[in-house]
Amino acid sequence: DDYEELVCTGDLHYPSEVLPPGCTGLTGNVFIEPDAVSFEAIDRLTYIGGALHISATESLLSFSMDNLTYIGGGLHISDTESLLSFSMDSLDTVDGSIDIYNTTNLDSFTLDNLTRIQLGLRIYDNEGLAYFSMNALVSTNWDINISGNSALTGFGLDSLEFGGDFYIRDNASLCESTVEEFECYLIYSGGTTYFSDNATCEADD
């Protein structure tokens, strides 16, 4: 294992617990607690064997984990009113799922180095999210659900080859024509598409 010499065992509850000196990886989960205000003390992590959980943060405006390349158990961001932005510019593989939901003020994000999600992508009920991109993402074996994002006007999934059920629905600002154009270029190998109840936009004159 390329990470073996640098990986520490166990979970981390941040910021109440300190990442041990020298650790650039963890075998367990990372739980971000509600009082976190920055990721400065953990942004050296390159590997998380478990999941990264970010939920109910009260003062976290943004974070960066630009050294992180691998998450084994999933990326979960939910119920955050304060979060405006984040960056994970080196993230390549998530062997769990990505779930981003019930954020209030997150308006956009990019994960354009990400090539694989093993267990599905779910982005839903994000009140302020207007755009996201994962333009290097090639595959995910489970469902994709992009639903109930009232401000969403566009997204980038330019490299996607897909094998599960796909939901794009109930996005009040996402034009049906945008969804239809995306569907034309989707390399699709299984499952069912459910594209419905998005915005009916008038054609430009």
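**Salt bridges and a parallel sheet**

Arg 122 forms a salt bridge with Asp 143, with the closest N and O atoms 3.0 Å apart. A salt bridge here is a side-chain nitrogen of Lys or Arg within 4 Å of a carboxyl oxygen of Asp or Glu. Arg 122 lies in strand β15 and Asp 143 in the loop between β17 and β18 (144–147), so the pair ties together parts that are 21 residues apart in sequence. Strands are DSSP runs (E, at least two residues), numbered from the N terminus.

This is a predicted model: local features need pLDDT of at least 70, side-chain atom pairs count only at pLDDT 80 or more, and totals for chains, interfaces and linings use all residues. Residues are numbered from 1 along each chain as its sequence is written, and side-chain values use heavy atoms, leaving out hydrogens and water.

Arg 122 also forms a salt bridge with Asp 99, at 2.7 Å between the closest N and O atoms. Both residues are buried (under 20% relative accessible area; exposed is over 50%, partly exposed in between; 1.4 Å probe, protein chains only). Shared partners join Asp 99, Arg 122 and Asp 143 into one network.

The whole structure holds three salt bridges. Another of them links Asp 95 and Arg 116, 2.8 Å apart at the closest N and O atoms. Asp 95 is partly exposed at 23% relative accessibility. Arg 116 is partly exposed too, at 29%.

Now the sheet. Seven strands form an open, parallel sheet in the order β1-β3-β5-β8-β11-β14-β17. Strands β1 (7–8) and β17 (139–140) stand at the edges with a single partner each, so one side of each has no neighbour in the sheet. Two strands pair if DSSP finds at least two bridges between them.

Notes
Helices (H or I, at least four residues) and strands (E, at least two) are DSSP runs, numbered from the N terminus.
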